[in-house]
There are 2 protein chains.
Amino acid sequence: MAVIDTTGWTTSQWIKYHSEHDPEESFQLLSALVSSQKTAPEDPVWISLVSEDDLLHQWKILQSKSDKFQLPLYGVPIAVKDNIDVKGLPTTGACPSFKYSPQSDATIVSLLRDQGAIVIGKTNMDQFATGLVGTRSPYGKPTSAFSDKHVSGGSSSGSAVVVAKGIVPISLGTDTAGSGRVPAHINNLIGLKPTKGVFSCHGIVPACKSLDCPSIFSLTLSDAQLAFNIMAQPDLAQDEYSRPMPSNPKKYFSSALKIAIPQDIPWFGDSENKKIYTAAVESASKLGAEVVALDFSPLLDLAKCLYEGPWVSERWESMKDFYSTNPDNKDLDPTVTSIIKGGEKFDAATTFRFEYKRNAILQKVKASFSDFDALLVPTAPLNPTLEEVEKEPVLVNSRQGVWTNFVNLADMSALAVPAGFRSDGLPCGVTFLSAKFNDYALLDLANRFFKVHYHEGVRRLGATNAENGIGDELLPLPKPNLDDCVKLAVVGAHLKGFPLHWQLIKCNATYLASPKTAKSYRLYALPLKGGPIAKPGLRRVDADIGEQIQLEVYAIPKEHFGTFISLVPEPLGIGSVELESGEWVKSFICEEIGYKAKGTEDITSFGGWKNYQDSLKKHAESQKKPF
Amino acid sequence: MAVIDTTGWTTSQWIKYHSEHDPEESFQLLSALVSSQKTAPEDPVWISLVSEDDLLHQWKILQSKSDKFQLPLYGVPIAVKDNIDVKGLPTTGACPSFKYSPQSDATIVSLLRDQGAIVIGKTNMDQFATGLVGTRSPYGKPTSAFSDKHVSGGSSSGSAVVVAKGIVPISLGTDTAGSGRVPAHINNLIGLKPTKGVFSCHGIVPACKSLDCPSIFSLTLSDAQLAFNIMAQPDLAQDEYSRPMPSNPKKYFSSALKIAIPQDIPWFGDSENKKIYTAAVESASKLGAEVVALDFSPLLDLAKCLYEGPWVSERWESMKDFYSTNPDNKDLDPTVTSIIKGGEKFDAATTFRFEYKRNAILQKVKASFSDFDALLVPTAPLNPTLEEVEKEPVLVNSRQGVWTNFVNLADMSALAVPAGFRSDGLPCGVTFLSAKFNDYALLDLANRFFKVHYHEGVRRLGATNAENGIGDELLPLPKPNLDDCVKLAVVGAHLKGFPLHWQLIKCNATYLASPKTAKSYRLYALPLKGGPIAKPGLRRVDADIGEQIQLEVYAIPKEHFGTFISLVPEPLGIGSVELESGEWVKSFICEEIGYKAKGTEDITSFGGWKNYQDSLKKHAESQKKPF
């Protein structure tokens with residue numbers, strides 16, 4: 001069997017390979033991939049790799065599924081941070097004496113395996129997910145996928161590097177203070193930090209339970225979205241902070257979006273990342289956003305609370321039983337130990353005082369940021385070297401968290417994305433932040449951002465030689481919950497490409513289908529009244545004089561329908577229309593006085609508004625006099 | 001000047017008196033009221049009363065207002081619990097050595113004074129609002145307004161008693177664990193515990209800052225609602241937990257509401273309150289609610305957290321500086337001191353552990369209670385005697401909190417209401433609970449409950465001889481925010497009294513006006529199709545053949561409009577109608593095919609659907625054959 005280089009494959013490349021080869025060949029490819037990897041100390045990115053037996057076991061389970069070839073992750077290898085339980089591999093939290101053998105998968109691992117993913121190993125991390133550097137582990141120090149002199153970023157260090165090197169297309173991290181974003185910046189990756197509670201934390205070693213979020217690393221936006229679609233499942237009985245996504249989450253920001261950026265950014269001596277961030281802000285403006293520089297000090301005050309305040313006591317609460325066993329010192333990272341043990345000293349009164357402070361800050365944040373759709377910040381100010389971190393392990397770490405530490409305390413969604421390369425060849429990322437549950441809208445925003453920012457049409461994936469069409473084209477979103485939507489047929493100016501289509505976007509509508517009406521309608525071009533936008537009127541008639549008219553049907557979330565209908569002027573209204581299928585859905589209707597007004601034209605014969613408008617255009621062009 | 005007995009006056013009686021007398025007489029009446037009262041130790045309900053000077057000062061400020069006679073509380077005397085700042089009177093928290101002179105009013109006091117209220121004094125309370133009995137104060141022990149052998153309930157003891165005795169119609173309390181509800185039960189009062197954050201806590205001595213709610217005592221529902229309307233104002237800059245009411249809060253539960261009651265209720269030997277509670281549940285059924293007995297153990301587990309868990313450390317955080325001054329022991333209630341000092345012992349890790357526990361319980365609560373509109377519970381199980389409390393100060397107190405302690409931890413709205421009298425003449429109350437921001441809906445529910453429960457048509461107010469028509473008729477609610485509403489004209493079956501009016505109620509609609517259309521409409525009775533409900537169709541025509549048609553206009557919150565329009569069948573739809581004023585509002589319109597169908601009747605000459613239906617009824621009656 002020829003050796004196949006899978007480096008930099010996205011999920012779709014893996015799926016494509018599997019669809020074109022028999023299962024035995026697919027298994028051999030996965031097996032070769034695992035065999036090519038080494039665990040720490042040889043390669044500090046992996047703490048453990050699956051055995052041939054375990055791999056075969058996973059494969060057999062997958063093969064036993066009747067729907068296996070339809071699974072969106074069929075045979076796609078993934079890596080899992082070593083504080084997340086995977087049945088069959090030990091969980092260490094990057095501490096040998098903490099090691100245990102989980103009896104079941106963490107909820108998110110189980111969801112991914114159910115959809116066909118194959119776990120190939122567990123990755124190194126800052127011990128107990130305490131750090132943003134990636135060097136705080138007795139299993140060794142993963143370095144940036146771009147430089148062995150630079151840290152990988154952490155705490156999800158190994159998970160970032162194995163994706164950046166193109167070994168797996170998707171890996172799992174966790175993110176309490178920035179652990180799923182800082183390594184994305186350093187390794188040229190997508191780092192998706194979901195809204196707190198949207199991914200279950202069941203089966204994950206807690207850091208700060210009230211703030212922890214599992215996170216996704218991927219090479220492309222579409223792979224991040226694919227994993228998000230699978231992992232965003234409520235787990236209320238097993239995770240006290242689990243929250244379901246709203247049934248119709250925001251899918252995109254309007255084209256006239258407002259983005260806030262910080263007035264002042266401390267770069268701590270760096271000038272390269274500053275350039276790239278500035279260019280990213282420019283790209284955001286170019287995509288049509290109104291970009292406003294704001295005083296971010298309330299958010300920076302919040303960031304400080306995270307390590308100065310009592311939240312570190314959550315780490316102590318989670319780990320104190322372990323420390324009481326007097327684990328071997330060689331298994332413990334001294335910086336991590338001193339941070340976590342520092343959580344013992346806080347009392348309840350202080351905890352509440354900081355909780356009041358957090359709430360007071362959040363009142364200010366609401367006051368100054370609620371007008372904005374998103375925030376655009378550097379992911380982290382620096383790309384530190386191993387040497388710099390060794391010299392100042394706490395200072396460098398805290399500087400790296402300036403733009404990440406406040407995010408979970410403020411209950412925001414976050415998406416870290418690559419923004420380009422510095423003159424020294426290292427990558428630099430930026431992060432879009434938004435309100436809770438705007439995870440999908442952030443993916444769409446990043447997609448629009450890429451199209452402007454990578455204007456040459458290609459984007460390098462991680463540290464591989466693979467490139468991606470700039471779109472990082474997003475997958476179709478999960479269908480909205482139609483019980484919570486109004487199905488609306490549009491017939492004229494709201495059709496895709498027509499001047500009022502934005503009203504559907506504004507109301508978070510989802511396109512469903514393009515059916516025709518039953519054969520009992522006539523269509524009229526209404527005379528222009530006041531406004532410049534031409535509109536048709538639909539009239540239901542007896543079948544013997546009616547025709548079928550082309551429609552587009554959208555699902556509009558019920559809660560936005562009031563906004564939509566406010567925008568509908570007389571003589572139009574929203575009634576019901578019979579589709580060719582016999583189904584009735586809500587639709588534009590027209591008062592008789594509208595289509596009987598002087599100047600109205602019967603355009604039924606065109607079969608729809610688009611055909612009619614196309615014919616008008618053609619006619620106008622043919623009338624143009626040649627120069 | 002004749003002496004006028006103001007005992008048991010509600011706000012409307014005070015307003016009426018003032019409107020019929022000159023300001024000098026009004027002032028004299030208030031002055032006489034204040035003079036008739038004594039402070040502790042003579043009367044333990046008052047810690048301080050305003051001086052003649054202060055009263056005159058308040059009166060002069062009121063007289064200087066140009067709109068004074070329009071103010072809803074013009075010259076209405078109120079009492080304020082002594083942990084709430086009133087400029088001009090000391091704040092003690094029922095601890096002499098804690099006393100300070102506030103430089104400004106608490107936000108809620110200022111809001112009430114702005115609307116004409118006159119503060120006449122500060123009331124006694126369980127020290128630092130720590131207790132549900134009312135006996136924990138060096139200023140003496142207020143007793144039940146019904147018995148000098150029974151405690152008043154607390155911690156808002158004095159505020160409850162001065163309303164129950166009819167001295168003032170409204171008083172302010174605070175409610176962290178039940179302090180605004182338990183005394184309402186013991187003194188036959190309305191006790192409104194709003195949604196956390198809806199009333200500002202600025203200028204109030206904190207107990208548990210994350211849970212504290214100012215509260216209202218009143219004799220009638222309408223007075224509670226009046227005070228609520230005034231006090232429900234966001235104060236985001238001064239209260240870190242302040243939250244604005246939603247712009248269109250729920251105003252009523254549907255007539256087919258579901259109420260949960262506890263499966264098991266510990267009565268601790270009492271049998272009298274049990275009878276009254278059982279009768280109240282029966283009344284709830286009679287008003288059309290589906291009443292379901294549920295396992296309340298998740299909520300009872302939550303209740304236990306409040307005193308067993310670290311929330312008591314909030315009291316310590318608020319008071320530790322004061323205790324560090326070594327205040328005189330005679331100023332301190334020993335039970336309160338030991339409870340608050342108990343808050344010193346909790347550490348941050350424990351605090352977080354209990355916060356996890358609270359969240360896990362709330363996940364269960366959501367799972368079992370989210371189908372219910374409201375919960376109906378006893379306000380408190382007992383009407384304890386002074387002797388009983390003296391014997392077992394902590395045990396009795398904790399029993400009284402069974403049904404109140406969990407409410408703020410679960411972020412609920414609460415309304416305690418009188419439910420009748422026991423065979424020993426003591427009163428007993430019940431409490432309706434609901435989700436946050438359902439405060440208005442609870443007032444409406446209590447109003448409906450009273451109509452069924454007090455079926456003889458009268459309800460004794462507090463411990464006075466005054467009685468109230470059972471309705472406790474509610475005031476018109478504040479107008480909804482029309483920016484967040486769709487104004488909809490209804491023309492047929494949605495009119496008040498017609499069969500589809502419930503659809504407006506379901507969508508939380510507010511009646512605005514009954515205008516006519518412009519003179520360019522015709523109205524048709526549509527043939528019955530399938531359904532049994534007769535409907536008209538409105539047709540816009542040229543003015544020369546049109547008439548004016550009677551409408552009713554409602555404001556429907558935008559977020560509910562999608563639900564509303566789903567209920568509108570063809571040939572009807574929602575378009576726009578021109579009113580006689582020239583304004584255009586959304587309205588029912590009708591497809592031409594509807595009013596041109598066979599069997600349609602032109603009923604324009606009736607001027608509206610109601611007139612037409614009335615004429616049909618008359619005709620039907622005249623056709624009835626006599627027996």
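**Exercise 1.** Work out how the end-to-end reach of helix 20 of chain A compares with the expected span.

*Solution.* Start with the limits: helix 20 of chain A covers residues 609-623, which makes 15 residues. Helices here are DSSP runs of H or I with at least four residues, and strands are E runs with at least two, both numbered from the N terminus. Next, take the expected span as 1.5 Å times one less than the number of residues. From first C-alpha to last, helix 20 of chain A reaches 21 Å, close to the expected 21 Å.

A word on the model: it is predicted, and local features need pLDDT of at least 70, while side-chain atom pairs count only at pLDDT 80 or more. Residues are numbered from 1 along each chain as its sequence is written.

**Exercise 2.** Find which residues of helix 20 of chain A are buried, and what they pack against.

*Solution.* First apply the cut-offs: buried is under 20% relative accessible area and exposed is over 50%, with a 1.4 Å probe and protein chains only. Trp609(A), Tyr612(A) and Gln613(A) come out as buried. Seen down the helix axis, the buried residues fall within an arc of 95° (from the directions of axis to C-beta atoms), so they line one face of helix 20 of chain A. They pack against strand 16 (521-525), strand 17 (536-540) and strand 21 (601-602) of chain A (contact: heavy atoms within 4.5 Å). Lastly, turn to the other side of helix 20 of chain A, where Lys618(A), Glu621(A) and Ser622(A) are exposed.

**Exercise 3.** Place the helix in its chain by finding the secondary structure and buried share of chain A.

*Solution.* Chain A has 20 helices and 21 strands. Of its 627 residues, 62% are buried.

Conventions. Chains lettered and ligands numbered in written order. Heavy atoms only, no water.
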